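I am opening a page for this structure and want to record, entry by entry, what I look up in it.

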Amino acid sequence: MSGAWTRVGARVLLAALVLAFAGIGALRVRDDTHRWETPRWDARAFRVLRHGGDSVRVGGTWLVPVNPGCPSCLAALAVAARRAHDMRPRPRVVALLVDTGERRALDAVWRIDADVVVWDENQVWRHRWGGRRYGEVLRFDASGALVRPVRVERAALTVANHAPPGRR
Amino acid sequence: MQANDSMVAWNRRTADEREGGRTPWNAGVWGGFTRGGTAIVALCVLAAWAGEGYHRFARLAGTYPDVAAPWPGAGVTLLVRVAMLVSEAWFYLVVWAAAGRRLAFRPFVTALLLASSLDLCAIALRAAAPDAGALARVLIGGLAGPRGLEPPPELIAAPDGPFATLGVLTLGRIALTAWAQARALNRGLLMPLLVTVTAWLALHLGMAWYADFARGLAHGDMP
(Lines give C-alpha, C1' and ligand atoms only; values in the text may rest on other atoms or scores of the structure.)
Protein backbone atom coordinates (compact mmCIF):
# COMPACT_ATOMS: atom_id res chain seq x y z
CA MET A 1 0.00 0.00 0.00
CA SER A 2 2.75 2.42 0.98
CA GLY A 3 4.54 1.50 -2.28
CA ALA A 4 1.45 2.47 -4.25
CA TRP A 5 1.18 5.76 -2.36
CA THR A 6 4.86 6.43 -2.95
CA ARG A 7 4.35 5.86 -6.65
CA VAL A 8 1.32 8.15 -6.75
CA GLY A 9 3.16 10.83 -4.77
CA ALA A 10 6.17 10.61 -7.05
CA ARG A 11 3.94 10.94 -10.12
CA VAL A 12 2.20 13.98 -8.65
CA LEU A 13 5.59 15.54 -7.90
CA LEU A 14 6.82 14.83 -11.43
CA ALA A 15 3.64 16.27 -12.90
CA ALA A 16 4.22 19.41 -10.83
CA LEU A 17 7.76 19.68 -12.20
CA VAL A 18 6.49 19.26 -15.76
CA LEU A 19 3.88 21.97 -15.11
CA ALA A 20 6.56 24.30 -13.70
CA PHE A 21 8.69 23.69 -16.81
CA ALA A 22 5.72 24.44 -19.08
CA GLY A 23 4.90 27.52 -17.00
CA ILE A 24 8.39 28.96 -17.37
CA GLY A 25 8.21 28.32 -21.12
CA ALA A 26 4.83 30.03 -21.31
CA LEU A 27 6.12 33.08 -19.38
CA ARG A 28 9.06 33.35 -21.72
CA VAL A 29 6.88 33.12 -24.84
CA ARG A 30 4.45 35.67 -23.42
CA ASP A 31 7.29 38.05 -22.65
CA ASP A 32 8.79 37.53 -26.10
CA THR A 33 5.53 38.19 -27.94
CA HIS A 34 4.44 41.19 -25.83
CA ARG A 35 4.64 44.47 -27.74
CA TRP A 36 6.76 46.72 -25.52
CA GLU A 37 7.34 50.38 -26.26
CA THR A 38 10.70 51.14 -27.81
CA PRO A 39 12.63 53.09 -25.16
CA ARG A 40 13.24 56.74 -25.94
CA TRP A 41 15.25 59.20 -23.90
CA ASP A 42 12.98 62.06 -22.94
CA ALA A 43 13.69 63.59 -19.55
CA ARG A 44 10.08 64.75 -19.31
CA ALA A 45 8.96 61.15 -18.87
CA PHE A 46 10.78 61.04 -15.53
CA ARG A 47 11.25 63.29 -12.54
CA VAL A 48 14.67 64.92 -12.72
CA LEU A 49 16.31 64.87 -9.29
CA ARG A 50 19.71 66.18 -10.24
CA HIS A 51 20.89 67.77 -13.46
CA GLY A 52 24.44 68.33 -14.60
CA GLY A 53 26.92 67.49 -17.33
CA ASP A 54 25.85 70.35 -19.59
CA SER A 55 29.38 71.75 -19.75
CA VAL A 56 30.69 68.77 -21.73
CA ARG A 57 30.13 68.14 -25.41
CA VAL A 58 27.60 65.37 -25.25
CA GLY A 59 27.56 62.49 -27.73
CA GLY A 60 24.27 60.80 -26.97
CA THR A 61 22.96 59.45 -23.71
CA TRP A 62 23.65 56.34 -21.68
CA LEU A 63 20.71 55.52 -19.48
CA VAL A 64 21.47 53.09 -16.67
CA PRO A 65 18.52 51.79 -14.62
CA VAL A 66 19.60 51.27 -11.04
CA ASN A 67 18.00 50.59 -7.72
CA PRO A 68 19.59 52.58 -4.88
CA GLY A 69 19.56 49.49 -2.66
CA CYS A 70 21.59 47.39 -5.10
CA PRO A 71 25.37 47.83 -4.68
CA SER A 72 26.16 45.70 -7.76
CA CYS A 73 24.12 47.85 -10.11
CA LEU A 74 25.52 51.04 -8.58
CA ALA A 75 28.97 49.57 -9.28
CA ALA A 76 27.89 48.93 -12.88
CA LEU A 77 26.78 52.55 -13.11
CA ALA A 78 30.15 53.72 -11.77
CA VAL A 79 31.96 51.64 -14.40
CA ALA A 80 29.72 53.08 -17.13
CA ALA A 81 30.41 56.61 -15.85
CA ARG A 82 34.19 55.98 -15.91
CA ARG A 83 34.01 54.59 -19.44
CA ALA A 84 31.85 57.46 -20.62
CA HIS A 85 34.28 59.97 -19.15
CA ASP A 86 37.02 58.68 -21.46
CA MET A 87 34.88 58.80 -24.61
CA ARG A 88 35.06 61.57 -27.24
CA PRO A 89 32.43 62.83 -27.79
CA ARG A 90 31.45 61.97 -24.28
CA PRO A 91 27.99 60.50 -23.70
CA ARG A 92 25.84 61.92 -20.96
CA VAL A 93 25.34 59.29 -18.25
CA VAL A 94 21.86 59.28 -16.77
CA ALA A 95 21.05 57.21 -13.69
CA LEU A 96 17.43 56.07 -13.81
CA LEU A 97 16.29 55.22 -10.28
CA VAL A 98 13.76 52.41 -10.62
CA ASP A 99 11.62 50.28 -8.32
CA THR A 100 12.03 52.69 -5.44
CA GLY A 101 9.98 55.23 -3.55
CA GLU A 102 10.46 58.98 -3.58
CA ARG A 103 12.15 59.17 -0.19
CA ARG A 104 14.79 56.54 -1.01
CA ALA A 105 15.36 58.13 -4.40
CA LEU A 106 15.91 61.53 -2.83
CA ASP A 107 18.21 60.03 -0.18
CA ALA A 108 20.31 58.33 -2.84
CA VAL A 109 20.59 61.12 -5.34
CA TRP A 110 23.80 62.72 -4.01
CA ARG A 111 25.79 59.52 -3.76
CA ILE A 112 25.15 58.44 -7.33
CA ASP A 113 27.91 58.92 -9.86
CA ALA A 114 26.14 60.24 -12.98
CA ASP A 115 25.63 63.46 -14.91
CA VAL A 116 21.87 63.36 -14.47
CA VAL A 117 19.76 61.48 -11.94
CA VAL A 118 16.10 60.86 -12.73
CA TRP A 119 13.46 58.94 -10.81
CA ASP A 120 11.10 56.62 -12.67
CA GLU A 121 8.07 57.44 -10.57
CA ASN A 122 5.59 56.06 -13.13
CA GLN A 123 7.42 52.76 -13.70
CA VAL A 124 7.97 53.59 -17.36
CA TRP A 125 11.10 51.43 -17.56
CA ARG A 126 9.47 48.31 -16.15
CA HIS A 127 5.87 48.54 -17.34
CA ARG A 128 6.14 50.33 -20.69
CA TRP A 129 9.63 49.45 -21.86
CA GLY A 130 9.69 45.95 -20.40
CA GLY A 131 12.97 46.53 -18.59
CA ARG A 132 14.03 43.98 -16.00
CA ARG A 133 17.75 44.12 -15.51
CA TYR A 134 19.38 46.73 -13.36
CA GLY A 135 22.72 48.02 -14.53
CA GLU A 136 22.30 47.47 -18.28
CA VAL A 137 23.25 50.50 -20.36
CA LEU A 138 20.57 51.75 -22.74
CA ARG A 139 22.25 53.87 -25.38
CA PHE A 140 20.39 56.72 -27.06
CA ASP A 141 21.57 58.99 -29.85
CA ALA A 142 21.51 62.80 -29.68
CA SER A 143 17.84 62.89 -30.72
CA GLY A 144 16.87 60.48 -27.92
CA ALA A 145 16.29 57.41 -30.12
CA LEU A 146 17.46 54.04 -28.79
CA VAL A 147 20.62 52.82 -30.46
CA ARG A 148 20.91 49.51 -28.64
CA PRO A 149 21.60 48.26 -25.15
CA VAL A 150 25.27 47.61 -24.52
CA ARG A 151 27.07 45.56 -21.95
CA VAL A 152 29.20 47.78 -19.76
CA GLU A 153 32.54 46.21 -20.60
CA ARG A 154 31.90 46.58 -24.32
CA ALA A 155 30.46 50.06 -24.18
CA ALA A 156 33.83 51.69 -24.67
CA LEU A 157 34.41 49.67 -27.82
CA THR A 158 31.06 50.23 -29.46
CA VAL A 159 29.98 53.69 -28.46
CA ALA A 160 32.23 55.45 -30.93
CA ASN A 161 30.21 54.17 -33.88
CA HIS A 162 26.89 55.92 -33.72
CA ALA A 163 25.16 53.97 -36.45
CA PRO A 164 21.39 54.22 -36.54
CA PRO A 165 19.38 51.17 -35.48
CA GLY A 166 19.28 48.40 -38.05
CA ARG A 167 22.60 49.23 -39.67
CA ARG A 168 24.66 46.92 -37.45
CA MET B 1 41.88 -7.06 -5.26
CA GLN B 2 39.86 -5.77 -2.34
CA ALA B 3 37.99 -3.51 -4.70
CA ASN B 4 37.15 -6.42 -7.01
CA ASP B 5 35.90 -8.50 -4.08
CA SER B 6 33.76 -5.61 -2.96
CA MET B 7 32.27 -5.25 -6.44
CA VAL B 8 31.56 -8.98 -6.73
CA ALA B 9 29.93 -8.97 -3.31
CA TRP B 10 27.84 -5.99 -4.27
CA ASN B 11 26.76 -7.63 -7.49
CA ARG B 12 25.77 -10.80 -5.63
CA ARG B 13 23.30 -8.95 -3.44
CA THR B 14 19.74 -9.22 -4.58
CA ALA B 15 17.86 -6.22 -5.84
CA ASP B 16 15.59 -6.45 -2.80
CA GLU B 17 18.53 -6.21 -0.44
CA ARG B 18 19.84 -3.19 -2.25
CA GLU B 19 16.43 -1.61 -2.42
CA GLY B 20 15.59 -2.33 1.20
CA GLY B 21 17.39 0.64 2.70
CA ARG B 22 20.31 -1.43 4.02
CA THR B 23 22.64 -0.53 1.21
CA PRO B 24 26.07 0.63 2.33
CA TRP B 25 26.60 4.20 1.23
CA ASN B 26 29.64 3.29 -0.87
CA ALA B 27 27.95 0.31 -2.57
CA GLY B 28 28.30 0.26 -6.31
CA VAL B 29 30.23 3.50 -6.41
CA TRP B 30 32.51 3.45 -9.41
CA GLY B 31 33.82 -0.06 -9.62
CA GLY B 32 33.30 -0.90 -5.99
CA PHE B 33 35.63 1.39 -4.08
CA THR B 34 36.14 0.29 -0.49
CA ARG B 35 34.37 2.34 2.12
CA GLY B 36 37.59 4.08 3.15
CA GLY B 37 38.63 4.71 -0.43
CA THR B 38 35.23 6.16 -1.27
CA ALA B 39 35.34 8.39 1.81
CA ILE B 40 38.80 9.72 0.88
CA VAL B 41 37.81 10.45 -2.72
CA ALA B 42 34.52 12.03 -1.59
CA LEU B 43 36.35 14.29 0.87
CA CYS B 44 38.81 15.29 -1.85
CA VAL B 45 35.92 16.23 -4.15
CA LEU B 46 34.23 18.23 -1.37
CA ALA B 47 37.49 20.02 -0.62
CA ALA B 48 37.91 20.78 -4.31
CA TRP B 49 34.41 22.31 -4.41
CA ALA B 50 35.26 24.47 -1.42
CA GLY B 51 38.48 25.53 -3.18
CA GLU B 52 36.54 26.38 -6.32
CA GLY B 53 34.22 28.55 -4.24
CA TYR B 54 37.16 30.27 -2.56
CA HIS B 55 38.75 31.20 -5.88
CA ARG B 56 35.43 32.25 -7.43
CA PHE B 57 34.61 34.58 -4.55
CA ALA B 58 38.16 35.93 -4.43
CA ARG B 59 37.81 36.87 -8.13
CA LEU B 60 34.38 38.42 -7.68
CA ALA B 61 35.01 40.28 -4.42
CA GLY B 62 37.10 42.90 -6.19
CA THR B 63 34.32 43.68 -8.66
CA TYR B 64 31.11 43.36 -6.71
CA PRO B 65 30.89 45.34 -3.48
CA ASP B 66 28.20 43.04 -2.06
CA VAL B 67 30.03 39.76 -2.69
CA ALA B 68 31.09 37.82 0.40
CA ALA B 69 34.78 37.36 1.27
CA PRO B 70 36.50 34.21 -0.06
CA TRP B 71 36.30 31.97 3.03
CA PRO B 72 32.59 32.44 3.73
CA GLY B 73 32.14 32.17 -0.04
CA ALA B 74 33.88 28.78 -0.01
CA GLY B 75 31.51 27.59 2.72
CA VAL B 76 28.47 28.86 0.86
CA THR B 77 29.65 27.22 -2.37
CA LEU B 78 30.15 23.91 -0.59
CA LEU B 79 26.72 24.01 1.04
CA VAL B 80 25.02 25.00 -2.21
CA ARG B 81 26.83 22.26 -4.11
CA VAL B 82 25.89 19.60 -1.56
CA ALA B 83 22.28 20.84 -1.63
CA MET B 84 22.30 20.63 -5.44
CA LEU B 85 23.67 17.08 -5.39
CA VAL B 86 21.09 16.00 -2.81
CA SER B 87 18.33 17.63 -4.90
CA GLU B 88 19.61 15.91 -8.02
CA ALA B 89 19.65 12.55 -6.26
CA TRP B 90 16.14 13.16 -4.91
CA PHE B 91 14.92 14.04 -8.39
CA TYR B 92 16.08 10.70 -9.81
CA LEU B 93 14.70 8.96 -6.74
CA VAL B 94 11.29 10.48 -7.51
CA VAL B 95 11.51 9.61 -11.21
CA TRP B 96 12.22 5.98 -10.48
CA ALA B 97 9.68 5.87 -7.68
CA ALA B 98 7.07 7.05 -10.18
CA ALA B 99 7.99 4.01 -12.27
CA GLY B 100 7.71 1.73 -9.24
CA ARG B 101 11.46 1.28 -8.71
CA ARG B 102 13.41 2.22 -5.62
CA LEU B 103 16.79 3.85 -5.97
CA ALA B 104 19.01 3.60 -2.88
CA PHE B 105 19.68 7.20 -1.93
CA ARG B 106 23.00 7.22 -0.08
CA PRO B 107 25.07 5.22 -2.57
CA PHE B 108 23.53 7.18 -5.43
CA VAL B 109 24.25 10.59 -3.91
CA THR B 110 27.81 9.42 -3.18
CA ALA B 111 28.16 8.35 -6.80
CA LEU B 112 26.86 11.76 -7.91
CA LEU B 113 29.35 13.51 -5.64
CA LEU B 114 32.21 11.59 -7.21
CA ALA B 115 30.85 12.25 -10.72
CA SER B 116 30.67 15.95 -9.91
CA SER B 117 34.45 16.04 -10.15
CA LEU B 118 33.84 16.28 -13.91
CA ASP B 119 31.82 19.47 -13.30
CA LEU B 120 34.77 20.78 -11.30
CA CYS B 121 37.15 20.04 -14.16
CA ALA B 122 34.85 21.89 -16.59
CA ILE B 123 34.64 24.92 -14.28
CA ALA B 124 38.42 25.00 -13.84
CA LEU B 125 38.94 24.79 -17.60
CA ARG B 126 36.46 27.58 -18.27
CA ALA B 127 38.20 29.75 -15.69
CA ALA B 128 41.50 29.16 -17.49
CA ALA B 129 40.08 29.92 -20.95
CA PRO B 130 40.62 33.72 -21.04
CA ASP B 131 44.38 33.34 -20.53
CA ALA B 132 44.79 30.32 -22.79
CA GLY B 133 46.20 30.27 -26.30
CA ALA B 134 44.09 29.77 -29.42
CA LEU B 135 44.51 25.99 -29.62
CA ALA B 136 43.98 25.55 -25.88
CA ARG B 137 40.77 27.59 -26.12
CA VAL B 138 39.44 25.32 -28.84
CA LEU B 139 40.25 22.31 -26.66
CA ILE B 140 38.60 23.96 -23.65
CA GLY B 141 35.53 24.74 -25.76
CA GLY B 142 35.27 21.10 -26.78
CA LEU B 143 35.77 19.78 -23.27
CA ALA B 144 33.93 22.35 -21.17
CA GLY B 145 31.48 23.88 -23.65
CA PRO B 146 31.46 27.04 -25.73
CA ARG B 147 31.06 29.24 -22.66
CA GLY B 148 34.74 28.59 -22.07
CA LEU B 149 35.55 30.56 -25.21
CA GLU B 150 34.02 33.76 -23.87
CA PRO B 151 36.04 36.01 -21.58
CA PRO B 152 34.23 36.57 -18.28
CA PRO B 153 32.04 39.67 -18.36
CA GLU B 154 33.18 42.50 -16.15
CA LEU B 155 29.90 43.13 -14.41
CA ILE B 156 26.85 41.68 -16.07
CA ALA B 157 26.90 38.03 -17.04
CA ALA B 158 26.24 37.40 -20.71
CA PRO B 159 22.99 35.59 -21.34
CA ASP B 160 23.94 31.98 -21.83
CA GLY B 161 22.13 29.60 -24.08
CA PRO B 162 21.02 26.27 -22.67
CA PHE B 163 23.97 24.49 -24.28
CA ALA B 164 26.70 26.91 -23.23
CA THR B 165 28.25 24.34 -20.92
CA LEU B 166 27.78 21.31 -23.15
CA GLY B 167 31.11 19.65 -23.84
CA VAL B 168 32.77 16.26 -23.54
CA LEU B 169 32.96 16.59 -19.75
CA THR B 170 29.23 17.28 -19.49
CA LEU B 171 28.52 14.28 -21.70
CA GLY B 172 30.73 12.23 -19.38
CA ARG B 173 28.84 13.51 -16.34
CA ILE B 174 25.53 12.56 -17.96
CA ALA B 175 26.86 9.10 -18.80
CA LEU B 176 28.19 8.54 -15.24
CA THR B 177 24.89 9.68 -13.73
CA ALA B 178 23.00 7.25 -15.97
CA TRP B 179 25.46 4.46 -15.20
CA ALA B 180 25.09 5.00 -11.46
CA GLN B 181 21.32 4.64 -11.83
CA ALA B 182 21.67 1.56 -13.99
CA ARG B 183 23.91 -0.08 -11.37
CA ALA B 184 21.73 0.92 -8.46
CA LEU B 185 18.61 -0.38 -10.19
CA ASN B 186 20.33 -3.44 -11.63
CA ARG B 187 19.05 -2.74 -15.13
CA GLY B 188 20.36 -1.76 -18.57
CA LEU B 189 21.83 1.62 -19.37
CA LEU B 190 19.35 2.75 -22.04
CA MET B 191 16.43 3.86 -19.85
CA PRO B 192 18.59 5.61 -17.21
CA LEU B 193 20.42 7.35 -20.04
CA LEU B 194 17.13 8.55 -21.57
CA VAL B 195 15.94 9.76 -18.16
CA THR B 196 19.21 11.59 -17.49
CA VAL B 197 19.41 13.23 -20.92
CA THR B 198 15.76 14.34 -20.66
CA ALA B 199 16.35 15.75 -17.18
CA TRP B 200 19.49 17.58 -18.32
CA LEU B 201 17.70 19.09 -21.33
CA ALA B 202 14.66 20.11 -19.28
CA LEU B 203 16.79 21.67 -16.54
CA HIS B 204 19.00 23.64 -18.91
CA LEU B 205 16.16 24.76 -21.17
CA GLY B 206 14.13 25.77 -18.13
CA MET B 207 17.05 27.72 -16.67
CA ALA B 208 17.73 29.47 -19.98
CA TRP B 209 14.04 30.39 -20.34
CA TYR B 210 13.96 31.68 -16.79
CA ALA B 211 17.12 33.71 -17.42
CA ASP B 212 15.52 35.19 -20.55
CA PHE B 213 12.39 36.04 -18.60
CA ALA B 214 14.35 37.55 -15.70
CA ARG B 215 16.48 39.80 -17.88
CA GLY B 216 13.57 40.69 -20.15
CA LEU B 217 13.34 40.25 -23.89
CA ALA B 218 11.98 43.70 -24.66
CA HIS B 219 15.10 45.22 -26.22
CA GLY B 220 16.55 42.15 -27.86
CA ASP B 221 19.83 40.51 -26.99
CA MET B 222 22.75 42.44 -25.62
CA PRO B 223 25.62 42.69 -28.06
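**Notebook: loops and helices**

I began with A:Q123, which I found in the loop between β4 (116-119) and α4 (124-128) of chain A; I keep in mind throughout that the model is a predicted one. The phi of A:Q123 is near 55°, a positive value in a residue other than glycine.

A:D99 sits in the loop between β3 (90-97) and α3 (102-108) of chain A, and it is partly exposed, because 17 other C-beta atoms lie within 10 Å.

I noted its buried residues, among them B:G73, B:R81, B:Y92 and B:W96. Just after α4(B), I came to B:G100, which takes a positive phi of about 85°.

My last entry concerns helix α6 (residues 117-128) and helix α7 (residues 134-144) of chain B, which pack at an angle of about 150° with their axes 9 Å apart. Angles over 145 degrees count as roughly antiparallel, and α6(B) and α7(B) are therefore roughly antiparallel to each other. Their crossing is left-handed. The contact is made by B:A122, B:L125, B:R126 and B:A128 of α6(B) with B:I140, B:L143 and B:A144 of α7(B), and I sorted these residues into six nonpolar, no polar and one charged.

How values were computed
Residues numbered from 1 in each chain as written. Chains lettered and ligands numbered in written order. Predicted model: local features only at pLDDT ≥ 70, side-chain atom pairs only at ≥ 80, totals over all residues. Axes fitted to C-alpha atoms, helices over the stretch in contact; angles between N-to-C directions. Helix = DSSP H or I, 4+ residues; strand = E, 2+ residues; numbered from the N terminus. Parallel < 35°, antiparallel > 145°, perpendicular 65-115°, else oblique. Left-handed = near helix turned anticlockwise from the far one by under 90°. Contact = placed C-beta atoms within 7 Å. Nonpolar A, V, L, I, M, F, W, Y, C, P; charged D, E, K, R; others polar. Buried ≥ 20, exposed ≤ 12 C-beta atoms within 10 Å, placed from the backbone.
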